[in-house]
Amino acid sequence: MSPVILCVLPLHINMVDYIGYEKCRGKIFTLSNQTKAVALTMTSMRAGLQRAYLDGLEFIRNKISDTEGEVAKTRLSFYGCNESDEDSYLQYLKECNDHFLTANNELRRKNIKLEVIDSEMRIVTLLNQLREAAEVDKGEIAFITGFWENIKHTVESFHSLVEKFQTNVLNRLNQNCTSYNNADISLEVSNRYTEEISGYIAELERELTNMRLLMKTYDGGIHQDLFSQNSKFAEKVLVSCDLKAFPILRLAPDLAEKMENVCAIARKWLDRDEQYMYEVNNYIKETRNIAKRREEDLKNQKEKQKKIEKAVKTANILLQNNKEKLQKIEVELNSLEGQLNGFKHEKKCRHEEKAQKSSMADFLSITMTQTRKNYNLQMKRQRLVKQVRELEEFLIGLEKELSNVEDELMVKSQERILINEKVETSVKTYDTLKTDFDKYSDNLEKLEQEVNILSGQLLQLEIIQTYKTSPEHVEQIFDRPQTVKLAPSLKEKIKRKRKGLPVTES
């Protein structure tokens with residue numbers, strides 16, 4: 001009895017939450033706007049589809065059993081037995097071997113060249129030679145004729161069985177028992193399943209090809225290299241019969257063994273497909289749990305990223321403000337230095353002008369003492385003295401302004417030192433925060449990619465599970481009229497829901 005597969009979705013989880021992932025600019029959004037009633041309904045549908053899937057597997061198993069029953073019936077017919085008994089099989093083959101030996105001995109007495117009996121043509125040739133050469137028929141002709149008809153009927157039966165197996169079993173396996181995984185998404189569970197059934201497919205193709213070639217070469221000379229190796233029954237036959245002289249004796253037993261082997265391989269394939277569905281179920285649950293945890297991590301990390309980003313912006317604003325202050329102070333300092341240099345230059349010029357005029361005034365004073373009084377010289381000297389006095393007053397004011405500029409320049413220089421230190425500190429703080437933010441963003445991007453991959457895998461697993469258990473897919477297994485109209489599959493419903501299209505209920 002096949003075990004019952006668990007439902008894909010627990011009742012407390014909305015399936016749409018997990019199969020409705022949509023990618024938008026590299027981000028994951030969860031479609032969680034479905035009601036609990038819809039989730040429960042879909043879960044019930046999924047359970048029913050599981051049963052339909054198991055019924056489909058059982059249908060194929062019954063086809064295999066039918067084939068095995070036909071193999072047993074054909075074998076019993078060939079050996080002339082009512083029940084399976086290897087001793088009786090060996091007894092019949094030994095009897096055949098004895099009759100062939102007797103026939104060969106008869107031909108040898110007539111000096112007729114003996115041939116290896118490895119085909120229908122050789123059997124017919126042997127019978128014709130016996131009819132011509134035998135003086136008295138001791139029953140060999142009748143027995144070998146009966147064997148010829150028996151082996152011919154057996155080969156025809158196995159040929160029919162191979163074609164029926166191809167139609168009833170192998171075609172259904174190839175059509176229904178595959179991974180159905182999208183090549184763009186790598187799933188370990190699907191890859192492992194595909195690898196294993198590839199071995200079964202290769203074995204089945206090899207065995208069926210060998211059977212067809214053996215039956216095809218039965219007419220003119222069977223290919224003995226196509227006989228199964230390591231056959232225990234063949235070893236027993238080898239002890240009882242001369243298979244080198246009569247390899248035709250191994251044909252029917254080998255075809256039966258090969259047919260049983262393909263049935264056994266087909267069963268393994270079916271069992272592996274059922275196991276695959278259990279594994280897909282488990283992977284869905286595991287992937288869903290992991291995806292849920294990763295989504296929570298992603299949500300928390302994004303919140304932390306926002307805080308770090310805010311700190312980076314704040315540090316950047318502070319850095320830019322300090323840079324602006326520093327730039328403003330630099331402009332003011334340049335202006336003050338310009339003023340200072342202007343005042344110094346003017347001071348120098350005024351001092352030179354004062355010295356020149358003082359010298360001229362002194363010269364006129366001396367000149368006036370040595371000559372008689374001259375009104376013009378006296379007036380000129382007075383003007384020069386007045387100008388010198390005015391220059392002295394101007395230089396006093398200029399010195400004050402120069403001192404103020406120097407004081408302001410000193411203050412601004414100190415401010416520049418302080419602001420420069422703040423800028424350096426702000427740069428270090430900003431660089432540290434920016435580096436941490438970049439690393440955090442890189443890790444967040446990796447986590448987001450992981451969530452994307454998990455959601456893609458989860459969706460692909462859901463599609464595999466849905467498709468392999470969909471009504472249309474399961475319906476293909478059974479021998480039912482093709483005119484029956486089926487409801488849209490759950491896979492199609494999922495696709496339509498994901499695209500936001502209306503779903504028509506049948």
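Colleague: Where is Asn111 found?

Modeller: In this predicted model, Asn111 is found in the loop between helix 3 (86–109) and helix 4 (120–133).

Colleague: What should I look for in its phi angle?

Modeller: Most residues other than glycine have a negative phi. Asn111, although it is not a glycine, has a positive phi of about 60°. Tyr180, in the loop between helix 5 (140–176) and helix 6, also has a positive phi, near 55°, and is not a glycine.

Colleague: Is Asn111 buried or exposed, and how does Tyr180 count?

Modeller: Exposed means over 50% relative accessible area, so Asn111, at 72% relative accessibility, counts as exposed. Tyr180 has a relative accessible area of 25% and is therefore partly exposed.

Colleague: What can I check about the length of helix 6?

Modeller: Helix 6 covers residues 188–216, and its 29 residues, at 1.5 Å a residue, should span 42 Å; its end C-alpha atoms are 42 Å apart, which agrees.

Colleague: Which residues of helix 6 are buried?

Modeller: In an α-helix there are 3.6 residues a turn, so residues three or four places apart point the same way. Among the buried residues of helix 6 are Val189, Tyr193, Ile197, Tyr200, Leu204 and Leu208.

Colleague: Which residues is Lys412 in contact with, leaving aside its neighbours within four places in sequence?

Modeller: Lys412, which lies in helix 9 (residues 375–468), is buried, with a relative accessible area of 16%. Beyond those neighbours, Lys412 is in contact with Ile329, Glu332, Leu333 and Leu336. Lys412 and Leu336 are 76 residues apart in sequence, yet 9.2 Å apart in space, C-alpha to C-alpha.

Conventions
Residues are numbered from 1 along each chain as its sequence is written. This is a predicted model: local features need pLDDT of at least 70, side-chain atom pairs count only at pLDDT 80 or more; totals for chains, interfaces and linings use all residues. Side-chain values use heavy atoms; hydrogens and water are left out. Helices (H or I, at least four residues) and strands (E, at least two) are DSSP runs, numbered from the N terminus. The expected span of a helix is 1.5 Å times one less than its number of residues. Buried means under 20% relative accessible area, exposed over 50%, partly exposed in between (1.4 Å probe, protein chains only). Contact means heavy atoms within 4.5 Å.
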